[in-house]
Amino acid sequence: MGPSAPSDPLPVSLERVRAAAAALRGRVARTPLVPAPKLAGLEDHPVYLKLENLQYTGSFKIRGATVRIDALRNDPTRRGVVAASAGNHAQGVAWAARAAGLPATIVMPAAAPPVKVSATAALGATVVLHGTDYAEAESRAQEIARTEGRVFIHPFDDPDVIAGQGTVGLEILEDLPDVANVVAGVGGGGLVSGLAVAMQAALHRPVRVIGVQPSGASTLAASLERGSIVAGPRPRTFADGLATRHVGALPFAIAQRLGVRAIDVDDRSIARAIFWLLERAKILAEGAGAAALAGVMARPDLLLPGPVVVVVSGGNLDPFVLDRVLWVGLVGEGRLLRLSAPLADVPGRLVDFLSIAAEARANVRQILHERESPGRDPSSVGVEVELEVRDAAHADEVTAAYERRGWAVRRVPLEPE
């Protein structure tokens with residue numbers, strides 16, 4: 001991505017991003033850029049992972065928050081700051097405010113992940129739970145800012161914040177000068193717009209910046225197509241870090257000027273990307289952190305020839321969400337098989353049934369043995385067994401083994417049909 005053609009300046013300059021990088025040096029983590037395991041369909045593209053999930057607060061948000069709060073160090077009022085966030089910006093502001101000696105109040109949606117709420121409070125911030133999503137939390141935070149005389153720290157629609165997030169891009173260019181594609185998740189657009197500004201440092205050659213949103217909170221693609229910001233309904237996605245109703249005005253202006261591409265992916269694809277990162281790359285990412293990888297997997301046709309950097313933007317994943325993600329991942333990989341069959345209600349018949357799974361090297365994960373069912377023959381019982389298998393081919397082998405032995409098994413769908 002080269003310099004923009006119009007003569008009027010961008011809302012955030014490359015020089016401002018470089019100044020932010022100098023200010024952050026030694027204060028936030030310089031996160032690693034590591035090669036990703038091979039991805040099907042991307043054999044012609046070396047893929048790298050920028051691990052912002054290893055940042056001090058588990059997310060890139062600490063960068064922009066620190067740069068913005070630095071600007072308040074000489075504020076004579078020093079009444080403190082207030083922010084609204086689903087969790088990662090909350091922790092970034094709390095961390096930066098504590099470092100600056102400023103009190104911080106963070107308004108979070110009532111359904112914010114408990115792990116993010118407790119982490120924010122542990123950093124010394126006062127947490128207020130309000131509303132059902134970011135928009136409603138922001139309204140309350142703005143009210144607190146007015147009544148208490150505090151400074152509102154916007155998570156994405158602020159030039160200092162965008163410059164801070166853009167420092168991720170400068171690090172990518174330092175570590176991989178020939179990068180051709182940078183892909184990141186998009187909520188309000190602070191990260192992707194900062195990356196786009198930073199990529200101007202790669203003079204005289206194109207670098208494509210792609211923003212990925214959950215389909216339940218997707219407005220960037222529609223906004224770029226229309227040429228003005230499109231607001232959506234209340235977000236519906238488990239990727240809480242990307243759950244905004246619209247992108248910010250400054251990020252949109254930058255994305256539009258610098259040719260950022262936008263795509264969306266569904267939540268199941270994001271969950272499978274989390275699973276892939278955990279199993280194949282040994283990296284824990286939250287939904288917002290894995291959305292970029294889901295986008296690369298879904299739309300490799302958008303990539304320019306050459307290396308791809310996927311920004312793993314955060315790793316603050318609620319353990320209960322992780323449990324559901326593992327299920328989705330195992331199902332998507334064909335590693336679970338569920339079979340049902342009628343059994344004669346005689347001693348030893350269940351053992352006979354399960355012995356076939358054992359012979360086929362399938363492990364029983366759970367079993368339901370149903371005796372009382374309306375309409376069932378009194379001489380039979382129903383059994384439904386969930387088996388751990390190696391892959392889809394192994395699942396077919398196990399099913400065939402039952403059929404060869406005369407069992408009337410039925411495969412029970414594990415995903416909606």
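The model is predicted.

**Helix α6**

Helix α6 runs over residues 159–175. Its 17 residues should span 24 Å at 1.5 Å a residue. The C-alpha atoms at its ends lie 25 Å apart, which agrees. Of these 17 residues, 14 are buried, so the rest of the structure largely encloses α6. At the start of the helix, Asp158 makes a contact: one of its side-chain oxygens comes to within 2.8 Å of the backbone nitrogen of Asp160.

**Nonpolar cores**

The largest nonpolar core holds 64 residues. Ile69, Val81 and Leu195 have the most contacts inside this core. Helix α3 (residues 88–100) contributes the most to it, with seven residues.

What does Leu195 touch, leaving aside residues up to four places away in sequence? Its contacts are Gly166, Val168, Gly169, Ile172, Val182, Ala184, Val209 and Val311.

**Helix α9**

Helix α9 covers residues 249–257. Pro251, Phe252, Ile254 and Ala255 are its buried residues. They take up an arc of only 165° around the axis, which puts them on the same side of α9. What do these buried residues pack against? Their partners are α6, α7 (190–198) and α8 (220–226). After α9 comes Gly259, with a positive phi near 75°.

**A four-stranded sheet**

Four strands form an open sheet with parallel pairing, in the order β5-β4-β3-β6. Val107 has Val128 of β5 as its bridge partner.

**Glu15**

Glu15 sits in helix α1 (residues 14–24). Is Glu15 buried or exposed? Its relative accessible area is 53%, so Glu15 counts as exposed, the cut-off being over 50%. Along the chain, Glu15 and Met297 are 282 residues apart. Their C-alpha atoms are separated by 33 Å.

Conventions: Residues numbered from 1 in each chain as written. Predicted model: local features only at pLDDT ≥ 70, side-chain atom pairs only at ≥ 80, totals over all residues. Heavy atoms only, no water. Helix = DSSP H or I, 4+ residues; strand = E, 2+ residues; numbered from the N terminus. Expected span 1.5 Å × (residues − 1). Buried < 20%, exposed > 50% of the residue type's maximum accessible area, 1.4 Å probe, protein only. Polar contact = N/O pair within 3.5 Å; in protein donor to acceptor, adjacent residues only side chain to side chain. Core = buried A, V, L, I, M, F, W, Y, C linked by side-chain atoms within 4.5 Å. Contact = heavy atoms within 4.5 Å. Arc of directions from axis to C-beta. Pairing = 2+ DSSP bridges.
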